[in-house]
Amino acid sequence: AHTSLGSTLYHLHRFEECAEVRLAGVRWRSAEDDPATRQARGALMAALGSVLSVLGRRREAGEWLERADRLIEQVAPMGEARRTTLSYLATFHAGTAPARALASARQAQAWLAANAGRVPIEGEQSTLNHVAAALSANERWDEAAALLARSAVLAGEFYGNESPQRARDLALAATVHARAGRHDEALRSLDAWFAEYRGPAREAAELMHRARAVELAWLHGQVAVTEFDGYGFDRMRSDPWQSDVDQLAVARARALLLAGHVDAARAGLAYIEQRWPAARVLTALGTRVRQLRLLLVASVDGTDGTQLALEAAVGVIDELAQVDAQGCWTWRVAHEVAALCCLRLGDMAGAARHATAVREAMAVPAPSVAERGESALRRCELAQALGDAAAAAASLLQARADLQGQHTDSPRALCLRQLSAMPSTQTGEVAA
């Protein structure tokens with residue numbers, strides 16, 4: 001009863017009530033210690049952790065998920081509950097601790113391999129989605145794309161070839177190619193899926209295609225392609241097309257910002273925060289939204305704008321530190337922005353302090369090649385200002401490698417050309 005009621009409340013977005021019901025389920029018959037009861041309790045612990053994450057109570061969520069995993073591993077390591085819990089953990093850590101997400105994803109893959117032929121199709125398809133997300137968050141885009149292709153096959157077998165589940169997998173696989181810097185391949189894959197789609201939800205499929213095309217354009221730096229109105233997202237939020245719509249809304253706002261449409265990007269941010277409660281807390285979506293908000297503030301010119309951007313960056317850094325999320329991409333971006341703001345305000349000590357934090361976070365994986373290139377551009381500017389010619393040259397080489405496939409009109413490519421022309425970078429390998 002607790003399981004089914006909790007699931008119903010979750011899908012109704014009544015998350016506080018859902019958490020109460022699931023906690024009551026964990027406590028119910030707590031004195032009983034037979035394997036079946038312990039396994040059921042572990043599954044409810046994992047579900048409780050999932051909803052607490054949505055509510056922004058990350059420390060509690062992580063504790064419940066880890067407790068659930070330990071309990072289920074003891075009682076039924078090969079049971080379905082173990083697969084579900086590992087999937088939860090991979091998703092939970094993807095936005096804030098990619099290395100931990102990868103560890104859970106690898107365990108989930110091992111579980112699938114050990115149970116090959118005995119896993120329900122829909123269960124395997126769901127797990128492959130979670131694992132692919134964790135792999136993508138760790139710059140393992142080729143592996144992620146391969147898993148999504150397999151997931152699409154399973155979705156076709158179980159839900160049908162014209163199902164939203166299969167469409168999502170194919171469209172997401174195209175995005176993964178774009179994150180790896182393979183824009184032409186990504187666009188071909190996306191267009192091929194849409195051209196072949198003959199399902200009943202043609203309008204919803206068209207909206208998904210348009211939204212993904214905007215995301216691909218943003219990653220490619222093709223700033224002219226940013227049109228996608230709020231109606232489209234509202235339509236896509238209705239089941240069963242709601243998967244990833246929040247992330248697509250963030251991508252559109254980032255595309256608008258890259259194109260210099262700051263007011264429109266700001267309106268996009270407000271839309272996201274209004275419609276997705278998870279954007280306001282430290283979920284994977286929440287960290288991306290904080291990064292978007294920070295970059296919006298940093299786009300304002302003048303001393304006052306720079307001071308506001310510095311305060312915003314420090315606020316993000318402090319917030320992430322409170323939940324031990326120093327291993328995520330937004331943490332690194334926040335330190336890069338803070339360092340540049342300190343430079344512009346004449347605070348060289350502050351710039352050096354944040355630059356040190358950036359160097360310590362260099363192992364943090366990027367969400368995409370394009371964003372990794374943006375980071376290299378910021379680090380090149382920072383190193384130039386601090387007089388570190390070697391670091392500036394190395395960062396510029398990284399930016400050239402990551403941004404070589406950008407669209408001709410890409411603002412990233414323009415920034416790269418400008419930095420390349422500066423005398424401080426015209427040394428050694430870079431000049432070649």
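Ala393 sits in helix 20 (residues 389–403), where helices are DSSP runs of H or I with at least four residues, numbered from the N terminus. With a relative accessible area of 12%, Ala393 is buried (buried means under 20% relative accessible area, exposed over 50% and partly exposed in between, using a 1.4 Å probe and protein chains only). Ser420 lies 27 residues away from Ala393 along the chain, and the C-alpha atoms of the two are separated by 9.2 Å. The model is a predicted one, so local features need pLDDT of at least 70 and side-chain atom pairs count only at pLDDT 80 or more, while totals for chains, interfaces and linings use all residues. Residues are numbered from 1 along each chain as its sequence is written, and side-chain values use heavy atoms, with hydrogens and water left out.

Now to helix 7 and its partners. Two packed helices are described by the angle between their axes and the distance between the axes. Here the axes are lines fitted to C-alpha atoms, for helices over the stretch in contact, and angles run from 0 to 180 degrees between N-to-C directions. Helix 7 (residues 121–136) and helix 8 (residues 141–159) have axes that come within 8 Å and cross at roughly 160 degrees. That makes helix 7 roughly antiparallel to helix 8 (angles over 145 degrees count as roughly antiparallel, under 35 as roughly parallel, 65 to 115 as roughly perpendicular and the rest as oblique). The crossing of helix 7 with helix 8 is left-handed, meaning that the near helix is turned anticlockwise from the far one by less than a right angle. On the helix 7 side, the contact (heavy atoms within 4.5 Å) includes Ile121, Leu128 and Leu135, and on the helix 8 side, Trp141, Leu147 and Phe158 are among the residues involved. By class, the contact of helix 7 with helix 8 has 13 nonpolar, four polar and five charged residues; Ala, Val, Leu, Ile, Met, Phe, Trp, Tyr, Cys and Pro count as nonpolar, Asp, Glu, Lys and Arg as charged, and the others, Gly among them, as polar.

Between helix 7 and helix 8 runs a loop that holds Glu139. Glu139 isn't a glycine, yet its phi is positive, near 65 degrees. Its relative accessibility is 26%, so Glu139 counts as partly exposed.

Helix 7 also meets helix 9 (residues 164–179), with axes that come within 12 Å and cross at roughly 15 degrees. This pair is therefore roughly parallel. The crossing of helix 7 and helix 9 is left-handed, and the contact pairs Gln125, Asn129 and Ser136 of helix 7 with Gln165, Arg168, Asp169, Val176 and Arg179 of helix 9. The residues of this contact split into one nonpolar, four polar and three charged.

Helix 3 (residues 35–54) and helix 17 are worth a look too. Just after helix 3 comes Gly56, with a positive phi of about 85 degrees. Helix 17 is mostly covered, with 15 of its 16 residues buried, and Gly346 follows helix 17 with a positive phi near 80 degrees.

Asp324 lies in the loop between helix 16 (303–322) and helix 17 (329–344). Its phi is near 55 degrees, a positive value in a residue other than glycine, and Asp324 is partly exposed, at 47% relative accessible area.

Key
Helices (H or I, at least four residues) and strands (E, at least two) are DSSP runs, numbered from the N terminus.
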